[in-house]
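Please read the following note beside the sequence and the three-dimensional view.

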Amino acid sequence: MWRALLPVGRDADTGGYHRFAWTPPELECRAWFADEARRRGLALEHDRNGNMIAWWRPEEGEGEPRVDRGHRAVLTGSHLDSVPGGGAFDGPLGIVSAFAAVDLLRERGATPRRPIGIAAFAEEEGARFGVACLGSRLLAGAIDPARARGLTDGDGRTFAEVLHGAGLDPDAIGPDEELLGRVGCYVELHVEQGRALREPVGVASSIVPHGRWRLEFAGEGNHAGTTALADRRDPMIPFAGMVLAARDAAERNGTVATVGKVRVVPGGVNAIASSVTAWLDARGPADDAVRRTVAEVGAAAREAARPHRVAVELAEESYTEIVDFNLALRDRVAGALGGAPVLPTGAGHDAGVLSARLPTAMLFVRNPTGVSHAPAEHAETADCLAGVEALAAVLDDLARG
Ligand code: GLV
Ligand code: MN
Ligand code: MN
Ligand code: MN
């Protein structure tokens, strides 16, 4: 099952994955998901926000899930999309493990009283439309649907157009109380993305506050050979100052700040850029430290821009406050695993977004490289299997009562 996904969207030179929401490789992953559901006789649901759910409803046979508030479902899953040049595990590990855990439970003759759903959330990385966890945000009511419809990708296509092309009604997106009402809790298994986990499987305690900002530097395009230094309005210079300032601000505030994406227009070797757009990712242990970091980066950018007569604008694209996972659920999950290590994370997840609406928990599988969002991201097979066992134990426990 895992092997079938490995070639999809993989760059043969770098080994990195390019699976952006509703592009051909991600559609191939979605087809794989539908096929895995079908092969197991699970009922496939497409929600109105571009998310997919495969339902196992043992006590009723198959068919459409029904609303039953007494027996609300246990939802698990993750995402199939990737960052540009991402690793194989971020997202797909949670989905493959969920199918494998359901297989294990079936083999062992488990008879869960609650439906178990396996979700593939759309655009978790925000690599195409800029807002991370877009599918779960829409489901949970954490983004204005009108704003979501107008988000554009790098080619200027709106989210609404892309949804329409995928057969979804863009006017129907938004909070889905009916679906949320069928779900009792969400448990996401994910590869750990730093160096924090020394054992095969851990449980998440919290997600640090994090967000994305866009800085626009507007100067004047001109000739690289004929324009005197004094006549230039070169946006690259304050942009470079801003990148250095981000590092300094992060050090001062005990946060992390990253400029990993930049668009230079027009992008000619022999042309002074007319504009530079740069994206800042900032995260830290507390809201005020993150906010201070961003404010300092903005001030430094404006200061660096002034002598070059470059205009600067700073806009927030998304922000997620600290997420403390539901304590009772976390304890129950750790208990079902016989006491696994509990650790915070600096990475964002659909579980974080959904935690505003549902009790949510996360399992992490050890990552020996400590690298993620890059091809070197890794998890040993034995640890992945331990993750499947752990997820099966948790689902079995949660779906019983
Ligand atoms: C998503 O994985 C993020 O943390 O940016
Ligand atoms: Mn990721
Ligand atoms: Mn992920
Ligand atoms: Mn993520």
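1. Helix α8 (residues 236-253) packs against helix α9 (residues 287-305) at an angle of about 150°, and their axes lie 8 Å apart. Axes here are lines fitted to C-alpha atoms, for helices over the stretch in contact, and angles run from 0 to 180 degrees between N-to-C directions. Helices (H or I, at least four residues) and strands (E, at least two) are DSSP runs, numbered from the N terminus. The two helices are therefore roughly antiparallel to each other; angles under 35 degrees count as roughly parallel, over 145 as roughly antiparallel, 65 to 115 as roughly perpendicular and the rest as oblique.

2. This is a predicted model: local features need pLDDT of at least 70, side-chain atom pairs count only at pLDDT 80 or more, and totals for chains, interfaces and linings use all residues. Residues are numbered from 1 along each chain as its sequence is written, while chains are lettered from A and ligands numbered from 1 in the order in which they are written.

3. The crossing of α8 past α9 is right-handed. A crossing is called left-handed if the near helix is turned anticlockwise from the far one by less than a right angle, and right-handed if clockwise. Residues of α8 in this contact include Gly 241, Ala 245 and Ala 249, and those of α9 include Thr 293, Val 297 and Ala 301. Two residues are in contact if their C-beta atoms, placed from the backbone, lie within 7 Å. The contact of α8 with α9 comprises 13 nonpolar, three polar and two charged residues. In this scheme Ala, Val, Leu, Ile, Met, Phe, Trp, Tyr, Cys and Pro count as nonpolar, Asp, Glu, Lys and Arg as charged, and the others, Gly among them, as polar.

4. Helix α12 (residues 381-400) packs with helix α10 (residues 327-336), their axes coming within 9 Å and crossing at roughly 125°. The helices α10 and α12 are therefore oblique to each other, and α10 passes α12 in a right-handed crossing. On α10 the contact uses Arg 332, Val 333 and Ala 336, and on α12 it uses Ala 393, Val 394 and Asp 397. Four of these residues are nonpolar, none is polar and two are charged.

5. Helix α12 also meets helix α3 (residues 92-107), with axes that come within 8 Å and cross at roughly 60°. That makes α3 oblique to α12. Their crossing is right-handed. Among the residues in contact are Leu 93, Leu 104 and Leu 105 of α3, with Val 388, Leu 391 and Leu 395 of α12. By class, this contact of α3 with α12 has 11 nonpolar, two polar and one charged residues.

6. How is the chain divided into domains? Domain 1 covers 2-208 + 322-400, and domain 2 covers 210-320; these bounds come from an automatic or database domain assignment. The C-alpha centres of domain 1 and domain 2 are 33 Å apart. Nine residues of domain 1 touch nine residues of domain 2. On the domain 1 side, five are nonpolar, four polar and none charged.

7. Around ligand 1 are Glu 125, Ala 132, Ala 347 and Gly 348, each with its C-beta atom, placed from the backbone, within 6 Å of the ligand.

8. Two backbone features deserve a check. The peptide bond from Val 265 to Pro 266 is cis, with omega near 5°, and Pro 266 sits in the loop between β9 (256-265) and β10 (271-272). Trp 22, a residue other than glycine, has a positive phi near 60°; Trp 22 belongs to the loop between α1 (2-5) and α2 (24-39).
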